[in-house]
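Here is a short report on one protein model. Please look over the sequence and the fold before reading on.

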Amino acid sequence: MFPAILIEDLTKDYPVGFWRRRHYRALDRLSLSIEAGEVFGFLGPNGAGKTTTLKLLMQLIFPTSGRAEILGRPIGHVDARRRIGYLPENPYFYDYLTAEELLTYFAQLLDVPTAARRKRVAGLLDRVGIGRERRFQLRKFSKGMIQRVGIAQALLNEPDVLFLDEPMSGLDPLGRRDVRSLILELRDQGRTVFFSSHILADAEALCGRVAVVAGGRLAAEGRLSELAEFTARGWELVVANLAPEALERLRPLATRVTEIGTGRYTLELPLTQAPERIIPEIASTGATVVSMNPVRETLEDFFIQRITEAGTGARGAMAEGEHARR
Ligand SMILES: Nc1ncnc2c1ncn2[C@@H]1O[C@H](COP(=O)(O)OP(=O)(O)O)[C@@H](O)[C@H]1O
Ligand SMILES: [Mg+2]
């Protein structure tokens with residue numbers, strides 16, 4: 001079986017500068033392979049090259065070098081194109097149409113049979129949570145609602161492979177939760193989802209595997225649980241009603257103790273102090289465990305570290321030619 005998405009040495013130089021033509025390498029020899037049925041997170045900070053990659057895959061722009069396949073066909077092949085859906089970053093739609101009119105229009109373009117059209121449009125609008133607002137003009141919609149219209153649009157042709165560029169951006173926490181469960185639902189139907197994000201938590205809630213890009217280059221790839229960079233370094237416990245004697249007993253176990261308020265403390269514990277053992281001990285003193293969280297590097301820490309580590313590396317080395325920016 002071929003992978004759902006295959007990316008080989010994909011490279012994109014943007015021409016920059018007016019008088020003196022130069023190139024800016026936004027993507028540098030990216031290679032990835034994504035299996036059918038995977039939810040794959042494509043992570044990276046702003047400017048990493050995520051949108052560029054998605055636009056290349058959608059053939060909205062063309063690569064300087066390298067190639068890609070979708071469902072075993074070179075991108076652009078009509079059989080592949082028919083089976084993909086795409087949510088652009090910051091989708092923009094004609095303001096004076098209603099959500100229903102817009103989707104009906106797209107359904108016509110996609111040759112969705114007339115008989116099925118109404119039902120499909122209504123079903124999708126309900127599914128993305130804007131069924132009640134279907135007759136509102138899009139100019140009345142918030143960013144989050146437009147994002148939902150965009151997702152419905154990407155699903156109109158019932159695609160096997162979905163490309164979502166920052167699907168959670170502009171959404172409030174409820175909206176994020178809805179989009180996350182929608183993505184999981186799509187996965188359960190056997191579809192492949194490739195989504196970009198700059199937020200690690202989105203990937204943790206959704207993905208088996210991720211790729212991290214920074215400065216146009218692949219910085220890490222694999223299962224989140226296996227990427228050493230993202231595994232826990234310890235535990236953070238917030239405890240209330242902790243008696244002074246109990247605190248003194250716990251202090252040697254902790255790497256750091258911070259008093260938040262009377263009897264309320266944050267205890268930072270090393271990975272070796274299994275919380276399963278410590279929590280009963282704390283509870284037996286009459287104290288309450290308010291919360292427990294793994295302490296780990298955030299995606300932001302990871303980027304900062306990688307980028308500074310690479311120094312001129314990530315940005316500099318990719319500048320084989322010259323760069324006008326940065
Ligand atoms: N049309 C363009 N011309 C020149 N540079 C561009 C163009 N589009 C994007 N870039 C640059 O390429 C880099 C990658 O951009 P992008 O793919 O949009 O990143 P991301 O989606 O990860 O935030 C950025 O530094 C951006 O400024
Ligand atoms: Mg982007």
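## Basis

This is a predicted model, in which local features need pLDDT of at least 70, side-chain atom pairs count only at pLDDT 80 or more, and totals for chains, interfaces and linings use all residues. Residues are numbered from 1 along each chain as its sequence is written, while chains are lettered from A and ligands numbered from 1 in the order in which they are written.

Helices (H or I, at least four residues) and strands (E, at least two) are DSSP runs, numbered from the N terminus. Strands pair if DSSP finds at least two bridges between them.

One open sheet has 6 strands in the order 6-7-8-3-9-10, with mixed pairing. Strand 6 and strand 10 (217-223) are at the edges; each has a single partner strand, so one side of each lacks a neighbour in the sheet. From one strand to the next, the twist averages 15°. Angles run from 0 to 180 degrees between N-to-C directions, with axes fitted to C-alpha atoms, for helices over the stretch in contact.

Strand 7 pairs with strand 8 (residues 192-197) in the parallel sense, over 5 bridges. F163 has F194 of strand 8 as its bridge partner.

Another open sheet has 4 strands, ordered 2-1-4-5, with antiparallel pairing. Its edges are strand 2 (22-34) and strand 5 (73-74). Strand 1 (residues 5-16) and strand 2 share 9 bridges in the antiparallel sense. D13 has R25 of strand 2 as its bridge partner.

## Helix 5

The buried residues pack against elements including strand 6 (84-87), helix 3 (99-109) and helix 4 (114-127). Helix 5 lies across strand 6 and strand 7, at about 165° to strand 6.

## Nonpolar cores

A nonpolar core is a set of buried Ala, Val, Leu, Ile, Met, Phe, Trp, Tyr and Cys residues joined through C-beta atoms within 7 Å. The largest has 62 residues; among those touching the most other members are A152, F163 and F194. Helix 5 gives the most to this core, with 7 residues. Apart from it lies another core of 12 residues, including V239 and I278.

How values were computed. Contact = placed C-beta atoms within 7 Å. Buried ≥ 20, exposed ≤ 12 C-beta atoms within 10 Å, placed from the backbone.
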